[in-house]
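Please keep the sequence and the model in view while reading.

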Amino acid sequence: MSERKLGRGVAVVGAGMSSFGAFPGRSTRDLFVDAFLEMRESVDRGLDPSDIEALYIGNYSSDLFEGQGHTAPIMADWVGLAPRPATRIEDACASSGVGFREGVIAVASGLYDVVLVGGIEKMSDLPTERVTDTLATAGDAIYEIPAGFTFPGFYAAMATAYMDRYGATSDTFMHVGIKNHENGALNPKAQYGSRIADIMESKKARAADRGRPVPDWDDELAFLQDERSNPSIAWPMRLFDCSPISDGAAALLLVADDIADRYTSRPLRVLGTGQASDVALHDRETLTSIRAARVAADQAFTMAGIDRQDVDVAEVHDCFTIAEVIATEDLGFFPAGEGWKAAEDGLTARDGSRPINTSGGLKSKGHPVGASGAGQVVEIWKQLRGEAGDRQVPGARVGLTHNVGGTGQTAVVHIFERADA
């Protein structure tokens, strides 16, 4: 692999996001305004919006979710940035992760000094079956969807292949869900801000209040193993293995590194970025790894000039719990076939040796697909600046985001370092 470097340094100097969840009556415009205002407030030394020279907006399918295309200039208008150039980026669930990369390239090239990157999606206005159909357009509409595959089925196929090859069980994936709900319970922006244990106790209390038999679950695993409380969606993926239908937005301010001190004394420097693509799932040699993620990770680490063990905290794409396990291996944090053991042994917990998805991940924080990649960067911003509250990883200085589109036809990886003046 040839070594590539950015033409000049790029820094993140502001980050904000809306709450993630289901918000009837609110559009992506409203949510993006929320994210933009929080981003502006996060800029330590203030931001004059007239400094912003261009916008890159990640969005998967406002066309199908909201009946609204051409969303980028609408977002520019709603935050008062017209007539600046505004570009929508569509790469399925990796849309705003790729949008962030495009913003990095724009600044690194010298074309712009200050750009705004956003991610937006409004999914909850459609019934579940239409959401499923919309998301299925990220698969292969000729060879996969007519065969009956939807995204729970795609990732169930990956999970069963992984279980067969490496010996993981369905309980493995439950450990991932429990961990991510523990983290999400500490995130005030998360869609599901409850621990699995709290959900379990709530269901027990509800049964008692209604005079029904109280379930005798001993712990979270017993709760998740119960088909009544955690039904199969596409075995072995159950309800609590799946990320939710979500609305949300995120916003990030990128500037040339040599002017970052105009905005903050604590920027995040972009050390490395990588992006790759792959064939559709049905044509791959293996279902237990995502080649695009491996390639993107190698690109990012080569550019950054650091090793895997230098990463203190990572946000990875856990649209389903199996996806987190595979991601930790594709990124090189664990050898192939060892990620599931790391999840069961607690190594990926907040206080483990390899903290993963301190935000709650897509599983608990929520997955408004076009906003998820940018939302991951917001969490790394908070972690590296020591602003993550009760979910803070002590001393975190280097962070990584890993964002996947579809079943892995697109993958993008970014590496960041806190730069204190």
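## A patch of positive charge

On the surface, Lys 203, Arg 206, Arg 210 and Arg 212 gather in a patch of positive charge. The structure is a predicted model, in which local features need pLDDT of at least 70 and side-chain atom pairs count only at pLDDT 80 or more, while totals for chains, interfaces and linings use all residues. Residues are numbered from 1 along each chain as its sequence is written, and side-chain values use heavy atoms, with hydrogens and water left out.

A patch is made of residues with over 30% relative accessible area and no salt bridge, with like charges joined within 9 Å and nonpolar side chains (Val, Leu, Ile, Met, Phe, Trp, Tyr) within 5 Å. Lys and Arg count as positive and Asp and Glu as negative, whereas His and the chain ends are not counted; the place of a charge is taken as NZ of Lys, CZ of Arg, CG of Asp or CD of Glu. Accessible areas come from the Shrake-Rupley method with a 1.4 Å probe, and for residues only the protein chains shown count as cover.

## Helix 6

Helix 6 covers residues 151–166, and at 1.5 Å a residue its 16 residues should span 22 Å, which agrees with the 22 Å between its end C-alpha atoms. The expected span here is 1.5 Å times one less than the number of residues in the helix. Buried residues of helix 6 include Phe 151, Phe 154, Tyr 155, Met 158, Tyr 162 and Met 163. An α-helix has 3.6 residues a turn, so residues three or four places apart point the same way. After helix 6 comes Gly 167, whose phi is positive, near 90°.

## Backbone features in the loops

Two cis peptide bonds can be located in the loops. Another joins Trp 235 and Pro 236, with omega about 5°, and Pro 236 lies in the loop between strand 5 (232–234) and strand 6 (237–238).

Positive phi values also occur in residues other than glycine. His 70, in the loop between helix 2 (62–66) and helix 3, has a positive phi of about 55°, and its relative accessible area of 64% makes His 70 exposed. Asn 357, in the loop between helix 12 (339–344) and helix 13 (361–365), has a phi near 60°, but at 0% relative accessibility Asn 357 counts as buried.

## Salt bridges

How many salt bridges does the count come to? When a salt bridge is defined as a side-chain nitrogen of Lys or Arg within 4 Å of a carboxyl oxygen of Asp or Glu, the count comes to 21. Among them, Asp 34 pairs with Arg 26, the closest N and O atoms being 2.7 Å apart; Asp 34 is partly exposed at 29% relative accessibility, and Arg 26 is partly exposed with a relative accessible area of 29%.

The side chains of Asp 247 and Lys 122 meet in another salt bridge, at 2.9 Å from N to O. Asp 247 lies in strand 7 (residues 247–256) and Lys 122 in strand 4 (residues 114–122), so this pair ties together parts that are 125 residues apart in sequence. Both Asp 247 and Lys 122 are buried. In the salt bridge between Arg 228 and Asp 226, the closest N and O atoms are 2.7 Å apart, and here Arg 228 counts as exposed at 71% relative accessibility, whereas Asp 226 counts as buried at 12%. Elsewhere, salt bridges that share partners join Asp 44, Arg 266, Arg 385 and Glu 387 into one network.

Conventions. Helices (H or I, at least four residues) and strands (E, at least two) are DSSP runs, numbered from the N terminus. Buried means under 20% relative accessible area, exposed over 50%, partly exposed in between (1.4 Å probe, protein chains only).
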